[in-house]
Amino acid sequence: MNQIKKMFFFILSASIFMLGVVYDAKSCGKVKGKPIQYYINYEGDTEHKEGFFDYFSSSTGSSDSFDVGDCNKSNGKFIVLQMSPVYTDMVFSELGSAYGEINQDGCYIENSPFKFKDLNDSGFADFFKKQRKLITTCMQTTVTDSSGDIKFPEQQFDCSVKKISRNQVLMRGGNCYVKVGRDSTFKYKIDVNPDCTKREFLKQNEISPMDIKVLYNVFISSNASGHDVNMQYLGVIDGRVALLAGKELLPIASYMGTGFPNWPIVAGAQVDLAEVSIVSKDSNTSNNNNTGNNNTSNNNNKMARQGYVLKMPFVVSNTSFQACKDGICTSPSYFKFPAVAEVTLKKRISDQQYKVVDKWYQGVILNPGFLGVVNLERRIPFDLITIGDVYILEAKFSDIAMSYQLYKDGMKQMLIALESYSATGSVDIGEIGELGQLGTIGDFSHDLPDLPDIIIGGTNEMNAEMIKKMLESLRLLLDLSNSWPPYYSKICETSGKCVAANKEFNRIKIKFIVEGFFEDREKGLFVAKMGNLKKRQDSELFGSYEKSFTKEEWPRIQCQ
């Protein structure tokens with residue numbers, strides 16, 4: 001079984017999430033399908049009766065079915081549909097595990113500001129198994145072979161099969177096989193097991209309300225044993241399955257009315273700052289006391305014209321209290337969370353006065369149970385940083401839904417700027433202001449498919465095709481959902497203590513002096529030496545303190 005588990009373990013980069021990506025295969029057809037999203041309600045009231053469930057489409061379009069196509073060249077082989085829950089590891093890479101087991105990579109948060117320092121501490125391994133149990137129990141697939149009699153192994157190691165008619169079967173499980181006949185043409189329809197809309201069934205099977213990102217992977221295999229290491233990959237469809245928490249467990253949003261999922265309006269994530277740094281690729285950085293001196297060499301250097309990169313990673317613990325009622329349990333941290341801060345960079349202009357030199361919203365969408373570091377960045381002009389000056393970097397967390405909306409609005413402005421440029425020839429991103437931020441925002445690198453190299457640190461120019469891909473990818477994110485995130489009422493920490501979420505609940509300030517720059521030859525960067533580090537946190541919920549610290553005391557990910 002260990003060999004099987006290793007075979008079905010897939011690693012997805014956080015910067016290239018495969019949303020509906022398809023691959024050529026030697027037989028059958030390419031699997032094409034829009035995102036599949038299900039929101040399951042189990043509460044009994046006048047609007048949502050017991051046993052009722054809704055299927056909601058995102059505004060980008062979605063479908064609950066897909067075709068595998070004509071498979072006559074694969075006669076005697078098997079089509080495999082695999083449901084894999086997805087999580088983000090401690091360095092914010094997406095991992096999909098078909099058997100609900102996390103990758104034990106020995107990573108932990110050094111100098112963790114939280115109760116937990118690694119995934120074992122937080123109990124994430126058990127939580128992830130619960131995610132797999134939900135999707136393999138509560139999701140089902142109807143498979144139809146339009147050629148006639150459908151053939152399938154009656155005893156499967158990870159799937160239960162029930163024959164509905166001569167050419168149709170109902171399948172539930174993580175890896176489900178049907179046999180390919182000479183003229184087989186398969187159609188798959190995914191929906192909800194009606195039992196999972198019943199409170200008693202959830203209680204008996206210890207299934208918890210939670211929000212899950214799912215991959216529906218499709219393969220051709222030479223056998224149905226699970227031991228075929230040479231399977232042909234037909235494609236993957238992105239999915240989302242959310243068993244919504246009942247109002248007896250957590251306060252839920254009801255203002256959207258019927259026809260929309262009612263999300264919990266209690267959040268349970270704590271966000272702090274990991275190691276802040278300022279870097280540049282310009283060799284003149286280390287030679288000029290006034291880094292705003294933009295000489296001829298700099299003018300010929302397109303990277304230099306973009307200025308510095310201020311690295312400001314979030315260290316996050318999306319863990320919170322458990323809420324249980326009549327044998328059903330959940331947590332605010334079993335659901336996604338938009339971690340967004342209003343950030344300001346201030347520069348000292350006199351002993352007691354500081355001037356705001358830059359301001360922006362920075363954020364990321366966190367998967368349930370995430371514990372680790374998200375690398376986020378901001379490009380800032382050269383003339384804002386001067387050796388010998390003192391700075392304060394401030395992150396303010398408040399009104400979660402509104403902050404996230406402002407964050408998205410900033411991204412929409414980038415769309416407008418991008419569309420205003422001609423799609424002919426090439427465009428230097430240094431000329432489009434904040435467009436260069438796209439590759440440094442975890443939200444986008446995490447969720448968007450087919451980002452051109454410009455977004456992930458490659459070339460500095462875009463052609464018409466790159467612009468087109470960026471526009472499509474941004475629209476996909478910005479129009480993804482009208483109902484999420486909800487307007488949160490409370491944010492809580494692990495003991496269950498909560499404060500109102502519609503006001504500022506945490507403010508973090510980092511004070512430092514830029515003493516100079518040194519060359520990191522391994523990374524090909526010039527890095528600011530930051531001295532006199534001081535941190536102040538003001539939070540009724542997470543505690544208030546002020547302290548001096550050293551570079552070695554920053555929270556950071558270490559892997560054994």
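Here are some notes on the cross-links, strands and nonpolar groups of this predicted model.

1. Let's start with the disulfides, of which a search of the whole structure finds 5. One of them joins C107 to C559, with the sulfur atoms 1.9 Å apart. This link spans distant parts of the chain: C107 belongs to strand 6 (residues 107-110) and C559 to strand 33 (residues 556-559), 452 residues apart. The torsion about the S-S bond is 100°, and the link of C107 and C559 is right-handed. Its two ends are worth a look in your viewer: C107 is buried at 10% relative accessible area, whereas C559 is partly exposed at 46%.

2. C159 and C176 form another disulfide, with an S to S distance of 2.1 Å. Here the partners are 17 residues apart, C159 in strand 8 and C176 in strand 10 (residues 175-179). The link of C159 and C176 is right-handed, with 95° about the S-S bond. C159 is buried, at 11% relative accessibility, and C176 is buried too, at 6%.

3. A disulfide also joins C492 to C498, S to S 1.9 Å. The torsion about the S-S bond of C492 and C498 is about 100°, so this disulfide is right-handed. C492 has a relative accessible area of 1% and is buried, while C498, at 30%, counts as partly exposed.

4. S165 has Q168 in strand 9 as its bridge partner.

5. On to charge pairs: the structure holds 22 salt bridges. In one of them, R132 meets D158, the closest N and O atoms being 2.6 Å apart. R132 sits in helix 3 (residues 124-138) and D158 in the loop between strand 7 (139-145) and strand 8 (159-165), 26 residues apart.

6. K311 lies in strand 17 (residues 308-311) and E377 in strand 24 (residues 377-380), so the pair ties together parts that are 66 residues apart in sequence. Both ends are partly exposed, K311 at 25% and E377 at 22%.

7. E394 forms a salt bridge with R507, with 3.0 Å between the closest N and O atoms. These partners are 113 residues apart, E394 in strand 25 (residues 390-398) and R507 in strand 30 (residues 504-520). E394 counts as buried at 7% relative accessibility, and R507 as partly exposed at 22%.

8. Finally, the nonpolar groups. The largest nonpolar core has 127 residues, and I79, V178, F186 and Y216 touch the most other members. Apart from that core lies another, of 5 residues, among them V80, Y177, F219 and M231. On the surface, M402, L406 and Y487 form a nonpolar patch with about 290 Å² of accessible area together. L406 is placed in helix 7 (residues 400-419) and counts as partly exposed, at 36% relative accessibility.

Methods:
Residues numbered from 1 in each chain as written. Predicted model: local features only at pLDDT ≥ 70, side-chain atom pairs only at ≥ 80, totals over all residues. Heavy atoms only, no water. Salt bridge = Lys/Arg side-chain N within 4 Å of Asp/Glu carboxyl O. Helix = DSSP H or I, 4+ residues; strand = E, 2+ residues; numbered from the N terminus. Buried < 20%, exposed > 50% of the residue type's maximum accessible area, 1.4 Å probe, protein only. Pairing = 2+ DSSP bridges. Core = buried A, V, L, I, M, F, W, Y, C linked by side-chain atoms within 4.5 Å. Patch = residues over 30% accessible without salt bridge, like charges linked within 9 Å, V, L, I, M, F, W, Y side chains within 5 Å. Areas by Shrake-Rupley, 256 points an atom, 1.4 Å probe, with all protein chains shown as cover. Disulfide = S-S within 2.5 Å.
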